[in-house]
Amino acid sequence: MPSTAHSTPAPAPSAAPRPRRAVSYVSSLTPDLFVPAGTRPVRAKARWLPADTQVLPHRHPWAQVAISTTGVIRLTAAQGTYIVPPSRALWIPPGVEHAVTMVQDADLRTLYFHQPRGRCGPGVPIGAARADDAAWRQCRVLEVSPLLRALVCEMPFEPDDSATPPTPELLRRERHLSALICEELRRAAALRLGVDLPRDKRLLHLCEAVLADPTRHEALEDWARDTGASPRTVARLFRAELGSTFTQWRQQVILAKAVALAAERLPVGQIAAELGYSASAFSAMVRRAVGMPPARFLGLQSPAGLGPG
């Protein structure tokens, strides 16, 4: 990915930092009561969680999609962290340990997907080649169409121990909704919104500081000062552990931060200023990085919509 190159950024507006609440931790909500199977291949859960709540690290033997109908969530796995606004969804393969943090108050919808033995993906089509599975064996951020969001909201989310067992009519409707959800997921565009994380503890400390406040410094020399390692050592670790330069990696953090700000319905110009860019420099960076105008990338217009970006 090209490095970020922009002229002197516009100064960010002075604003009092938003007060942070202490993080509260909750466990995954009784996943054993929503186990998908061949007869019910997609199961749904709904849970409202306030900002700064984290669902503790956990994993499932089935695949999962996390989607928030309102609010931004952040999902962290061993290999990276992902920002997921309402315009996106995150596919999580079976067996991947992950924690979910509510960046904002969130109406969290979770879909569990039955995976046939040896296959991976949403509703593997009949006759599909096994090579088609490869992209689904890693976490993927996907665009959410209006149809997909509506289908997810229509899915029943009663647990298996519900006092009222599902009727044949409800199960038939669930199967129809599940088939459409799988079709929409297979058609959804995948977006590069993940931020890779290293294993080296010194580098991880630096990366976590950038994630917390990506605009505090710009030059690697300033960020490296807090790690006890030289800028040359840090640059070498970035190449060895993350396969990128620091500038390229920080750009991914900037893009993820922009997505979170966009979920607050801020205009593109204000998002650019908060991230230390002029409007034109921000637009050029986004187009260069993801190949689309900022308004489209940030979910501020529909994929088919037109706008100046």
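1. For the helix pair discussed next, axes are lines fitted to C-alpha atoms over the stretch in contact, and angles run from 0 to 180 degrees between N-to-C directions. The model is predicted.

2. Helix 1, residues 146-154, packs against helix 2, residues 168-187, with the axes 10 Å apart and an angle of about 150° between them. Angles over 145 degrees count as roughly antiparallel, and helix 1 and helix 2 are therefore roughly antiparallel to each other. The crossing of helix 1 past helix 2 is left-handed.

3. Which residues make up the contact between helix 1 and helix 2? On the helix 1 side they are Leu147, Leu148, Leu151, Val152 and Glu154. These meet Arg173, Leu177, Leu180, Ile181, Glu184 and Leu185 of helix 2.

4. On the chain as a whole, the secondary structure consists of nine helices and 12 strands. Of the contacts between residues at least 6 apart in sequence, 74% join residues at least 24 apart.

5. The protein chain has 309 residues, 48% of them buried. Its accessible surface is about 15,200 Å², and carbon and sulfur atoms account for 56% of that area.

6. How many disulfides does the structure hold? The number is zero.

Notes:
Residues are numbered from 1 along each chain as its sequence is written. This is a predicted model: local features need pLDDT of at least 70, side-chain atom pairs count only at pLDDT 80 or more; totals for chains, interfaces and linings use all residues. Side-chain values use heavy atoms; hydrogens and water are left out. A disulfide is a pair of cysteine sulfur atoms within 2.5 Å. Helices (H or I, at least four residues) and strands (E, at least two) are DSSP runs, numbered from the N terminus. Buried means under 20% relative accessible area, exposed over 50%, partly exposed in between (1.4 Å probe, protein chains only). Contact means heavy atoms within 4.5 Å. Accessible areas come from the Shrake-Rupley method with a 1.4 Å probe; for residues, only the protein chains shown count as cover. Angles under 35 degrees count as roughly parallel, over 145 as roughly antiparallel, 65 to 115 as roughly perpendicular and the rest as oblique. A crossing is left-handed if the near helix is turned anticlockwise from the far one by less than a right angle, and right-handed if clockwise.
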